[in-house]
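This report describes parts of one protein chain in plain terms. Look at the sequence and the structure first, then read on.

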Amino acid sequence: MRIGIAFDLKSDFVSDASAPEDALEEYDSTATVDAIAGVLTELGHSAEKLGGGKRFVERLLASPPDLVFNIAEGAAGSRSREAHVPAVCEMLKVPCTHSDPLTLALTLDKALAKRVASSYGVATPRFVVVDSVADVERVTLPFPLIAKPMFEGSSMGIRRHSRVTDVTALWREVARIVDDYHQPALVEEFCTGPEFTVGVLGEGSSARAIGVMEIVPRLARPTEFVYSLEVKRDWENEVEYHVPPKRDALVIAAITECALSAHRALGCRDVSRVDVRLDAAGTPCFLEVNPLPGLNPRTGDLCILSGRSGLTYSGLIEAIVRGALARNGLA
């Protein structure tokens, strides 16, 4: 089967000198694309590198593959950027892995994702959307809080100091987000319990968890820990990954159920990685979901979790492809 890989590389973009240092954080490296292509070839498929943006559209029109394996993040500046590739595939009737354009647009907007998930009964920290510094005065949630860019992933805009304990610090963080990322800030209650991420495969009632990984800080107090950009870039020194978590089985089950419920509520399919944190009372709270999780075999959280849960990198890629083929009647 001909499988085309849709992707965006850091090298495809030129970061403006005035842009924040993580402006290209979401985009991939050739190592990730090569690793996926290698697995697809091992599985007996013909792997074609389609790229993203205009190049992707031109190649899809010229010679559509049997399936698109989508890891394209889309061009910055749009809260629906992750929906670009699947929308083109949907329009041209080319089967595509991962979630559909509606889910990819919805989940990139953290506030909308939380509203939809909570409407299904999924617990999530209380939050406020702050469009400008002037709006900080209407935030009445109790400290500590955390401020994040509303439409980004890969911990873009999230720093150690994103956790704030007073109005002055909140004003500073909102100003930084609005000025640097040109979007609203999501200000939410900071959960002081441990943080977890859950890998999920499949869709709907057939969705299943690969495993649960606890992110355990080496250098920060657990109650104040922020899984920030600095931490992710130096994860081998900053954190330990516990798979499975060294927690009671009932706690792990509750975390898993929270993640599966969010995955299903938001219409994710094939694969996702769901971030969950316990609040002060020990309740698992949905933070956000990434339906286009990083697939770098060495550094991707999902890949680390998968490998330590007994599912090899090849097995993970095969499961994603198998799900898409079955959904499209190609299996």
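Strand β5 (residues 145–149) is mostly covered, with five of its five residues buried; buried means under 20% relative accessible area, exposed over 50%, and partly exposed in between, with a 1.4 Å probe and protein chains only. This is a predicted model, in which local features need pLDDT of at least 70, side-chain atom pairs count only at pLDDT 80 or more, and totals for chains, interfaces and linings use all residues. Residues are numbered from 1 along each chain as its sequence is written, and side-chain values use heavy atoms, with hydrogens and water left out.

Strands (E, at least two residues) and helices (H or I, at least four) are DSSP runs, numbered from the N terminus. In a regular strand the side chains alternate between the two faces of the sheet. In β5, L145, A147 and P149 on one side and I146 and K148 on the other are all buried.

Two strands pair if DSSP finds at least two bridges between them. β5 pairs with strand β6 (residues 163–164) in the antiparallel sense over two bridges, and R163 is the bridge partner of I146 in β6. Strand β7 (residues 185–189) runs antiparallel to β5 and is joined to β5 by five bridges; there, E189 is the bridge partner of L145.

## Strand β11

Strand β11 (residues 271–278) is also mostly covered: eight of its eight residues are buried. On one side these are V271, R273, D275 and R277, and on the other S272, V274, V276 and L278.

| Partner strand | Sense | Bridges | Residues opposite each other |
|---|---|---|---|
| β8 (residues 195–201) | antiparallel | seven bridges | V200 and S272 |
| β12 (residues 284–290) | antiparallel | six bridges | V289 and V274 |

β11 and β12 form a hairpin with five residues between them, and G282 in the turn has a positive phi of about 90°.

V271 lies in strand β11. V271 counts as buried because its relative accessibility is 0%. Contact means heavy atoms within 4.5 Å. Leaving aside neighbours within four places in sequence, V271 is in contact with H98, V200, L201, G202, H263, P291, P293, L302 and I320. The C-alpha atoms of V271 and T168, which are 103 residues apart along the chain, are separated by 40 Å.

Strands of a sheet pair through backbone hydrogen bonds, either parallel or antiparallel. An open sheet of three strands has the order β2-β1-β3, with parallel pairing. Its edge strands, β2 (46–51) and β3 (67–70), each pair on one side only. Neighbouring strands of this sheet are turned by 30° against each other on average, direction ignored. Axes are lines fitted to C-alpha atoms, for helices over the stretch in contact, and angles run from 0 to 180 degrees between N-to-C directions.

Strand β1 (residues 2–6) pairs with β2 in the parallel sense over five bridges, and I3 stands opposite A47 in β2. Helix α2 (residues 53–62) lies across β1, β2 and β3, at about 135° to β2. Helix α11 (residues 313–327) lies across β1 and β3, at about 135° to β3.
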